Amino acid sequence: MIPTLPTLNVSNDSQNPTKSPMIDFGKKRIVGWTDGKESVAQYIYTALNVERYENILHSWQFGIERNDLFGMPSDYVIAELQRRIQDALSIDDRITAVDTFEFSVKGRTISVKFVVHTIYGDDNFEYEVTA
């Protein structure tokens, strides 16, 4: 007789816990734990400030490609930046959409404001790139 093992009820609808270390970026140290909306905001800040493919601590899916935008025309940077921000933030399942992009150009600096829709609500973010 072959023994039977109990079956596990695994649902694909469950989400992973969102608890993550809280980083004090000013002091450059971990100061505790964060969860929920603050955890997502910290993820967004980190993802948009890590150059993709250059850091062995993160997978190649994490971060944003910025280095090849330096020296490019502003029109090209604006077109690419929206796509790259959406791509960088799309790997987190807590983020449902990124939209409402507003760009402003001052010299070689391109500022962008956008809205990130998460499972915890919507947040406004700002980001700058020097082209």
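This note goes through the strands, the surface patch, the aromatic pairs and the salt bridges of the structure above.

1. Basis of the note. The model is predicted, so that local features need pLDDT of at least 70 and side-chain atom pairs count only at pLDDT 80 or more, whereas totals for chains, interfaces and linings use all residues. Residues are numbered from 1 along each chain as its sequence is written, and side-chain values use heavy atoms, with hydrogens and water left out.

2. Strand E1 covers residues 20-24 and includes Ile23, where helices (H or I, at least four residues) and strands (E, at least two) are DSSP runs, numbered from the N terminus. E1 pairs with strand E2 (residues 29-34) in the antiparallel sense over five bridges; two strands pair if DSSP finds at least two bridges between them. Pro21 has Trp33 in E2 as its bridge partner. The two strands, E1 and E2, form a hairpin with four residues between them, and in the turn Lys28 has a positive phi of about 55°.

3. The nonpolar patch. On the surface, Ile23, Phe25, Ile30 and Tyr45 form a nonpolar patch, and together they have about 370 Å² of accessible area. Patches are made of residues with over 30% relative accessible area and no salt bridge, like charges being joined within 9 Å and nonpolar side chains (Val, Leu, Ile, Met, Phe, Trp, Tyr) within 5 Å; the areas come from the Shrake-Rupley method with a 1.4 Å probe, and for residues only the protein chains shown count as cover. Ile23 itself, with a relative accessible area of 31%, is partly exposed, given that buried means under 20%, exposed over 50% and partly exposed in between (1.4 Å probe, protein chains only).

4. Aromatic pairs. The structure holds five aromatic pairs, counted when rings of Phe, Tyr and Trp (its six-membered ring) have centres within 6.5 Å, with planes under 30 degrees apart taken as stacked, over 60 as edge-to-face and the rest as tilted. One of them joins Tyr53 and Trp60, whose ring centres are 5.3 Å apart and whose planes stand at 85°, so the pair is edge-to-face. Tyr53 is partly exposed at 44% relative accessible area, while Trp60 is exposed at 61%. Phe101 and Phe103, by contrast, are stacked, at 6.1 Å centre to centre and 10° between the planes; Phe101 counts as buried at 16% relative accessibility and Phe103 as partly exposed at 26%. Phe101, Phe103, Phe114 and Phe125 form one aromatic cluster.

5. Salt bridges. Side chains of opposite charge can pair when their charged atoms come close. Seven salt bridges are found in the whole structure, each being a side-chain nitrogen of Lys or Arg within 4 Å of a carboxyl oxygen of Asp or Glu. Asp87 and Arg52 meet in one of them, at 2.8 Å from N to O, and this pair links distant parts of the chain, since Asp87 lies in helix H2 (residues 74-89) and Arg52 in the loop between helix H1 (37-47) and H2, 35 residues apart. Asp87 is partly exposed at 32%, whereas Arg52 is buried at 8%.

6. Asp68 forms a salt bridge with Arg84, their closest N and O atoms being 2.7 Å apart. Asp68 lies in the loop between H1 and H2 and Arg84 in helix H2, so the pair ties together parts that are 16 residues apart in sequence. Arg84 is buried at 7% relative accessible area. Salt bridges that share partners join Asp68, Glu80, Arg83 and Arg84 into one network.
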